[in-house]
Amino acid sequence: GSVMAFAALGQSLESGPSKSERGRSRRWPSLVGAALLLVYVVRCGKRVWDWRSSEALYMADALAWPNSVKTRHQLGTVFHAQGRYEEALREFDASLEILDDNALTDHCVAQVYIETGRYQLALDRFHKILKGHGVGFSAFNLWMLYVDYGFTLVALGQHEEAIQPLEYGLTRNA
């Protein structure tokens with residue numbers, strides 16, 4: 001529908017008013033249409049500019065949709081990859097405040113804790129994940145949950161408890 005409206009506007013602007021339609025009453029729809037087209041072009045340009053980096057894209061989306069679970073999670077993964085751990089945790093926590101039953105986001109939190117040496121906090125997060133529904137995990141990525149869980153147990157000196165999750169995770173990755 002909007003394409004047809006813009007096409008009609010373009011044709012009207014190109015051809016101009018006929019001799020019988022000349023005057024102020026015929027010009028204002030064209031001016032309004034041109035103004036709307038300008039707003040559309042500027043906003044499209046801004047949105048395309050948001051795609052210059054993952055951080056810029058997800059930051060713009062988080063500002064526009066602060067209650068989007070996926071956007072907050074994705075912004076957290078960008079910060080995590082950049083080594084900005086506290087900012088990553090802030091975004092992951094914001095995502096979990098919206099929907100707490102997201103095991104994949106909880107796993108990302110646990111990974112940050114592992115990478116920053118906070119193994120007990122990581123273990124607590126793994127216990128939460130294993131008691132939940134496993135949202136975000138499937139046959140293709142379940143192995144990493146168990147490998148990270150086993151690694152955390154080893155880091156905490158719980159070697160015997162680590163054997164089963166490590167074996168399970170490594171078997172699933174084969």
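## Salt bridges

The structure holds 8 salt bridges, a salt bridge being a side-chain nitrogen of Lys or Arg within 4 Å of a carboxyl oxygen of Asp or Glu. The model is predicted, so local features need pLDDT of at least 70 and side-chain atom pairs count only at pLDDT 80 or more, whereas totals for chains, interfaces and linings use all residues. Residues are numbered from 1 along each chain as its sequence is written, and side-chain values use heavy atoms, with hydrogens and water left out.

One of the salt bridges joins glutamate 86 to arginine 118, with the closest N and O atoms 3.0 Å apart. Because glutamate 86 lies in helix H5 and arginine 118 in the loop between H6 and H7, the pair ties together parts that are 32 residues apart in sequence. Arginine 118 counts as partly exposed at 27% relative accessibility; in these terms buried means under 20% relative accessible area, exposed over 50%, and partly exposed in between (1.4 Å probe, protein chains only). Helices (H or I, at least four residues) and strands (E, at least two) are DSSP runs, numbered from the N terminus.

## A linked network

Asp100, Asp106, Arg125 and Lys128 are linked in a network of salt bridges.

Aspartate 106 forms a salt bridge with arginine 125, and here the closest N and O atoms are 2.6 Å apart. This pair ties together parts that are 19 residues apart in sequence, because aspartate 106 lies in helix H6 and arginine 125 in helix H7. Aspartate 106 is buried, with a relative accessible area of 2%, and arginine 125 also counts as buried, at 15% relative accessibility.

## Helix H6

Helix H6 covers residues 103-115 and has the highest confidence in the chain, at a mean of 98; pLDDT is the predictor's confidence in each residue, from 0 to 100. The end C-alpha atoms of H6 are 18 Å apart, which agrees with the 18 Å that its 13 residues should span at 1.5 Å a residue. That expected span is 1.5 Å times one less than the number of residues.

Of the 13 residues of H6, 10 are buried, so the helix is largely enclosed by the rest of the structure. Among them are Asp106, His107, Cys108 and Tyr113. The buried residues of H6 pack against helix H4 (69-81), helix H5 (85-98), helix H7 (119-131) and helix H8 (142-155). Glycine 117, with a positive phi near 75°, follows H6.

## Helix H4

H4 reaches 19 Å from its first C-alpha to its last over 13 residues, close to the 18 Å expected at 1.5 Å a residue. Its buried residues, including Thr71, His73 and Phe79, pack against helix H3 (54-64), H5 and H6. The residue glycine 83, whose phi is positive and near 75°, follows H4.

Histidine 73 of H4 counts as buried at 9% relative accessibility. Leaving aside its neighbours within four places in sequence, histidine 73 is in contact (heavy atoms within 4.5 Å) with Phe92, Ser95, Leu104, Thr105 and Cys108. Threonine 71, also found in H4, is buried with a relative accessible area of 9%. With neighbours within four places in sequence again left aside, threonine 71 is in contact with Tyr58, Asp61 and Ala62. Threonine 71 and serine 95 are 24 residues apart in sequence and 8.0 Å apart in space, C-alpha to C-alpha.

## Overall architecture and confidence

The chain comprises 9 helices and 0 strands. Buried residues make up 31% of its 174 residues. Of the contacts in the chain with a separation of 6 or more, 41% are between residues 24 or more positions apart. The chain averages a pLDDT of 88, and 87% of the residues score at least 70. Confidence is lowest in helix H1 (residues 2-15), at a mean of 67.

## Surface

The accessible surface of the chain comes to about 11200 Å², of which 59% belongs to carbon and sulfur atoms. Accessible areas come from the Shrake-Rupley method with a 1.4 Å probe; for residues, only the protein chains shown count as cover. Trp28, Val32 and Leu36 make a nonpolar surface patch of about 340 Å². Patches are made of residues with over 30% relative accessible area and no salt bridge, where like charges are joined within 9 Å and nonpolar side chains (Val, Leu, Ile, Met, Phe, Trp, Tyr) within 5 Å. Tryptophan 28 is found in helix H2 (residues 24-50) and counts as exposed, at 55% relative accessibility.
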